[in-house]
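Subject: Handing over the structure

Dear colleague,

Here is the structure I promised to pass on to you.

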Amino acid sequence: MSWLEKLLPPKIQPTDPAERRSVPEGLWVKCPSCETVLYKTDLEHNLNVCPTCSHHHRIGARPRLNTFLDAEGRWEIGQEVLPVDALKFKDSRRYPERLKEALENTGETDALVVMGGAVQGISLVAAAFEFDFMGGSMGSVVGERFVRGVESAIEQKVPFLCFTATGGARMQEGLLSLMQMAKTNAALTRLAKKGLPYVSVLTDPTMGGVSAGFAFVGDVVIAEPKALIGFAGPRVIESTVRVTLPEGFQRAEFLQQKGAVDFICDRRELRTRVAHLLAMLQRQPADAVI
């Protein structure tokens, strides 16, 4: 090696791609609203709400109930009810294949999780839709679990609450799916006759047969900020009526202005707001709420 070569910096050897340290996938999340790159764990600790712009990211049914209900005294309702391919339905794929894929992706057996428990000491039964399970579509199992949750609330004489996140009825079950609209509303009628409150919390998105059914018949209808809520999608409506829709159409704030939603609540404040609301509806003393 010459004296000149000794003065030059050593040659950088190319790194073997197999030896490169890669960043594990899923550690970071980019906010679709403000485009801030967020550490996933920090976002989860903030209830999946962006700390920069307060955008409400979608959240699964079980994590939602786990963060909403008190940690102690929970029990699941209707988990033994499982879907059946009664119509032997097939489009581009068979219905059982879609169910299997949804189970593998979510760990859930259908699109609704129902739990009994309490929120800040106020007993209730709460249900939540899992949107990642076939778009949170409502089939026979969803309807049956919903009704069992309502019946459990009636039996215990406690309020019933439902978080909706759904695309509507499940086409793979045809008329059986549409019948759940009548079935669920009949159960809520029985709940109302017992004088027990029903609180509906609309999250992004709440569409189709669920929005046309039990989503808007709550004694109190709450929505998360900027949630998409409606029956058909905005593009479908525009192409049908050939009219440009107003800005913010079918968003929670628009529906509140029109009187369809009672109030909009940040997810981080929902536990406290619902606990005080239920205490008021049941005429409990204020100091009963922790």
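How much space lies in the largest pocket? In this model, which is predicted rather than determined by experiment, about 540 Å³ of space lies there.

The pocket has a lining of 23 residues, and those that lie nearest its centre are Asn-48, His-55, His-56, His-57 and Arg-58. Sorted by class, the lining of the largest pocket comprises nine nonpolar, seven polar and seven charged residues. At least two lining residues come from each of α2 (40–45) and α3 (61–68), and α2 gives the largest share, which amounts to three residues. The lining of the largest pocket also draws on both domain 1 (26–57) and domain 2 (59–282), with at least three residues from each of them.

The second largest pocket holds about 170 Å³ of space. Its lining is made up of 13 residues, and Ile-59, Gly-60, Glu-130, Phe-131 and Asp-132 are the closest to the centre of this pocket.

As for the chain as a whole, ten helices and nine strands are found in it. The chain has 290 residues, of which 43% count as buried. If you consider contacts between residues at least 6 apart in sequence, 67% of them join residues that are at least 24 apart. The chain exposes about 16000 Å², and 55% of that area is supplied by carbon and sulfur atoms.

Is Glu-35 buried or exposed? Its relative accessibility is 54%, and because exposed means over 50%, Glu-35 counts as exposed. For Lys-157, phi is near 60°, and the place of this residue is the loop between α5 (140–156) and β6 (160–166). With a relative accessible area of 66%, Lys-157 is exposed as well.

Finally, where does Glu-72 lie? Its place is in the loop between α3 and β3 (75–77), and α3 is one of the elements that supply residues to the lining of the largest pocket. Glu-72 has a relative accessible area of 68%, and therefore it is exposed. Although Glu-72 and Gly-121 are 49 residues apart in sequence, their C-alpha atoms are 9.9 Å apart in space.

With best wishes

Notes. Residues numbered from 1 in each chain as written. Predicted model: local features only at pLDDT ≥ 70, side-chain atom pairs only at ≥ 80, totals over all residues. Heavy atoms only, no water. Helix = DSSP H or I, 4+ residues; strand = E, 2+ residues; numbered from the N terminus. Buried < 20%, exposed > 50% of the residue type's maximum accessible area, 1.4 Å probe, protein only. Contact = heavy atoms within 4.5 Å. Areas by Shrake-Rupley, 256 points an atom, 1.4 Å probe, with all protein chains shown as cover. 1 Å grid on protein atoms, 1.4 Å probe; cavity = no way out; pocket = protein on both sides within 12 Å on 5 of 7 lines; lining within 4 Å. Points joined across faces, edges and corners; volume = space filled by probe spheres on them. Nonpolar A, V, L, I, M, F, W, Y, C, P; charged D, E, K, R; others polar. Domains from an automatic or database assignment.
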